[in-house]
Each structure stands twice: as C-alpha cells, then as structure tokens.
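Hi everyone, thanks for coming. I'd like to walk you through one structure, step by step, so please have a look at the screen and stop me whenever you like.

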Amino acid sequence: MKLVYTHPNLAIVVQAASLLEQSQIKCEVRNEYAAGAIGELAPINAWPEVWVVREHDATRAIKIVEGMQQPVDAPDWRCRQCESNNPATFDICWHCGEEISHKETSAE
Ligand SMILES: [Zn+2]
C-alpha cells in the first residue's frame with residue numbers, strides 16, 4: 001500500500017480514487033469519515049487519503065491525480081492505441097497508458 005494523494009475535501013479524494021479505478025489501479029480511500037460534517041474541512045492530520053494497493057502503480061497514480069487538478073483548457077484527446085477519450089490534462093491514456101501524440105493527431 002502506498003499513499004498517493006490527500007486532500008481536505010472528501011469529494012475530491014473520492015473523485016481521485018474513482019479516476020484511478022477507471023485506470024485499472026486498485027486503491028482505497030482512508031480517513032473517509034475523519035472530515036466530520038459535510039462541507040467541513042478536516043484537520044491536516046486527518047485528511048482523507050487515497051492509497052494504491054500495488055506500490056508499482058504509485059507513479060502512474062500520482063500522475064493521474066496531478067492531471068485531475070489542473071484546469072482544463074484544451075479539448076479531450078483520443079488515444080491512438082485504444083481509442084479511449086482522455087481529458088486534455090492527461091499526458092498518458094487512462095485506459096492503456098499510451099502517451100499522447102499531438103503531432104499524429106494534427107498530421108494528415
Ligand atoms: Zn489508450
């Protein structure tokens with residue numbers, strides 16, 4: 001198990017976890033109930049956390065949640081490998097891990 005993400009807002013933590021699950025990364029949310037009443041922020045030592053089950057997934061998991069936090073100002077892109085749609089903030093396909101190729105989408 002490895003901690004990959006923590007945030008005082010449980011909704012964002014849950015969103016991160018579901019994003020990882022969509023990417024075939026097994027994870028679990030901890031401190032889920034530490035935040036107290038809805039809308040209240042937890043003290044820093046009790047923030048909800050996302051843990052990946054397999055440590056070798058951690059690097060990819062961190063990339064995915066980092067991508068989630070960036071503002072979206074570009075259109076989605078389609079993976080040339082598996083044809084999944086990816087948010088513009090992703091550098092790699094959430095589905096198969098293929099890297100984005102801007103050049104190939106604009107060519108031809
Ligand atoms: Zn793909």
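**Starting with a helix**

Let's begin with helix 2, residues 58-69. Its 12 residues, at 1.5 Å a residue, should span 16 Å, and the end C-alpha atoms are 17 Å apart, which agrees. Do keep in mind that this is a predicted model.

Now, which residues of helix 2 are buried? They are Ala61, Ile64 and Val65. These residues cover an arc of only 90° around the axis, which puts them on the same side of helix 2. And what covers them? The cover includes strand 1 (2-6), helix 1 (10-22), strand 2 (27-30) and strand 3 (49-52).

In what order do the 3 strands of the open sheet come? The order is 1-3-2, with antiparallel pairing. Strand 1 and strand 2 stand at the edges with a single partner strand each, so one side of each has no neighbour in the sheet. On average, and ignoring direction, neighbouring strands here are turned by 30° against each other.

Let's look at the two pairings in turn. Strand 1 and strand 3 run antiparallel and are joined by 4 bridges. Within this part of the sheet, Leu3 stands opposite Trp51 of strand 3, and Tyr5 has Val50 of strand 3 as its bridge partner. Strand 2 is also joined to strand 3 by 4 bridges, and these two run antiparallel. Here Arg30 has its bridge partner in strand 3, namely Glu49.

Stay with strand 3 for a moment. Which way do its residues point? Glu49 and Trp51 point one way, while Val50 and Val52 point the other way, and all of them are buried.

**Two residues in loops**

Now for a couple of backbone details. Asn31 is not a glycine, yet its phi is positive, at about 60°. You can find Asn31 in the loop between strand 2 and strand 3. Is Asn31 buried, exposed or something in between? It counts as partly exposed, because it has 16 C-beta neighbours inside 10 Å.

Glu83 is another residue other than glycine with a positive phi, near 65°. Glu83 lies in the loop between strand 4 (77-78) and strand 5 (85-86). With 10 other C-beta atoms within 10 Å, Glu83 is exposed.

**How confident is the prediction?**

Let me finish with the confidence scores. The chain averages a pLDDT of 82, and 78% of the residues score at least 70. Which elements have the lowest and the highest mean pLDDT? Helix 3 (residues 102-106) has the lowest, at 47, and strand 3 has the highest, at 96. Over residues 103-108 the pLDDT is below 50, and this stretch has 2 contacts in the model beyond near neighbours in sequence.

Terms used: Residues are numbered from 1 along each chain as its sequence is written. This is a predicted model: local features need pLDDT of at least 70, side-chain atom pairs count only at pLDDT 80 or more; totals for chains, interfaces and linings use all residues. The expected span of a helix is 1.5 Å times one less than its number of residues. A residue is buried if 20 or more other C-beta atoms lie within 10 Å of its own, exposed if 12 or fewer, and partly exposed in between; C-beta atoms are placed from the backbone. The arc is that of the directions from the helix axis to the C-beta atoms. Two residues are in contact if their C-beta atoms, placed from the backbone, lie within 7 Å. pLDDT is the predictor's confidence in each residue, from 0 to 100. Two strands pair if DSSP finds at least two bridges between them. Axes are lines fitted to C-alpha atoms, for helices over the stretch in contact, and angles run from 0 to 180 degrees between N-to-C directions.
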